[in-house]
Amino acid sequence: MSRKRADDVSFIHLEAPGRGRPTAGHIALVPGGDVPMLALQLPPGLQGTAREQVAWRQVQDQLGVTRDQVEMRPYLRKNKPANWTQVLVASADLMRHWRGMLDPGCRALLPDYLALPAAADLWVLARRDETVQARLGVMDGFTAEKDLTLLMLTQRLADAAGPLPKAVLLLEGTLPGLEDLLAEHEIALVQQVSGLEPLGISAPVVLGHGELAADLRIDARAARRQLQR
């Protein structure tokens, strides 16, 4: 199954049955629940290989995995790429499986939540069947089952160290309990992009915040091994 967004970017879900033949330049998407984005505690002055080594130790501590079991990809800040603090993590077996499914003309391989539009001061949600894809501002996102999503949003709002979003844009479907949760924090729930302008929020943009730098097609470990050889 393929689909297009407002800016005419073509997306295709690799795991969708009967997905058909994609157009050239398409973006392949995989289930975001299998590619979580983890926040790490990395000192600003730590750069390059040293930063990656510390990140690996934290990922291993958080997930209880080895480097052979997972792949880790830094999620770069567009304005400060060297000071990344978030990583995408996926099973090495799944990554090999997805790469083997790629069609000719694929432009990038991304977790599905990075295909959502994003903007500062805005959270964007889209419910599809029993899962919800979410972008929390421009530097965070996840995909989870609908009940777990509400718990995650509740926790995120309770623990927020910085400013809360000005609004939440629900693009598709419904999420029971969301409106009451947002009302507790005086956050507007919007279901049309046109409703953002009166709130002083820029229209969200698809792939406008450096998402393509998270392209999962290349095995970073294999590239590093080849460079070392």
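Colleague: Before we start, what should I know about the ground rules?

Modeller: This is a predicted model, so local features need pLDDT of at least 70 and side-chain atom pairs count only at pLDDT 80 or more, while totals for chains, interfaces and linings use all residues. Residues are numbered from 1 along each chain as its sequence is written, and side-chain values use heavy atoms, with hydrogens and water left out.

Colleague: How do you know which parts of the protein chain score at least 70 and which are below 50?

Modeller: We look at pLDDT, the predictor's confidence in each residue, from 0 to 100. The protein chain averages 90, and 92% of the residues score at least 70. Over residues 1-6 the pLDDT is below 50, although this stretch has 24 contacts (heavy atoms within 4.5 Å) beyond near neighbours in sequence. Where pLDDT is low, the predicted coordinates should not be read in detail.

Colleague: What makes the pair Glu71 and Arg99 a polar contact?

Modeller: A polar contact is a pair of N or O atoms within 3.5 Å; within protein, one must be able to donate a hydrogen and the other to accept it, and residues adjacent in sequence count only if both atoms are side-chain atoms. The side chains of Glu71 and Arg99 are joined at 2.8 Å. Arg99 belongs to helix α2 (residues 92-101), where the buried residues are Ala92, Met95, Trp98, Arg99 and Met101. At the start of α2, a side-chain oxygen of Ser91 comes within 3.2 Å of the backbone nitrogen of Asp93.

Colleague: How do you know that β4 and β6 are joined?

Modeller: Two strands pair if DSSP finds at least two bridges between them. Three bridges join β4 to β6 (residues 86-91), and the two run antiparallel.

Colleague: Why is β8 described as largely enclosed?

Modeller: Seven of the seven residues of β8 are buried, so the rest of the structure largely encloses this strand. Leu122, Val124, Ala126 and Arg128 point one way, and Trp123, Leu125 and Arg127 the other way. In a regular strand the side chains alternate between the two faces of the sheet.

Colleague: How do you know which strands β8 is joined to?

Modeller: Five bridges join β8 (residues 122-128) to β11 (residues 167-172), in parallel, and six join β8 to β9, antiparallel. Val124 stands opposite Leu169 in β11 and opposite Arg135 in β9. The five-strand open sheet runs β10-β9-β8-β11-β12 with mixed pairing.

How values were computed. Buried means under 20% relative accessible area, exposed over 50%, partly exposed in between (1.4 Å probe, protein chains only). Helices (H or I, at least four residues) and strands (E, at least two) are DSSP runs, numbered from the N terminus.
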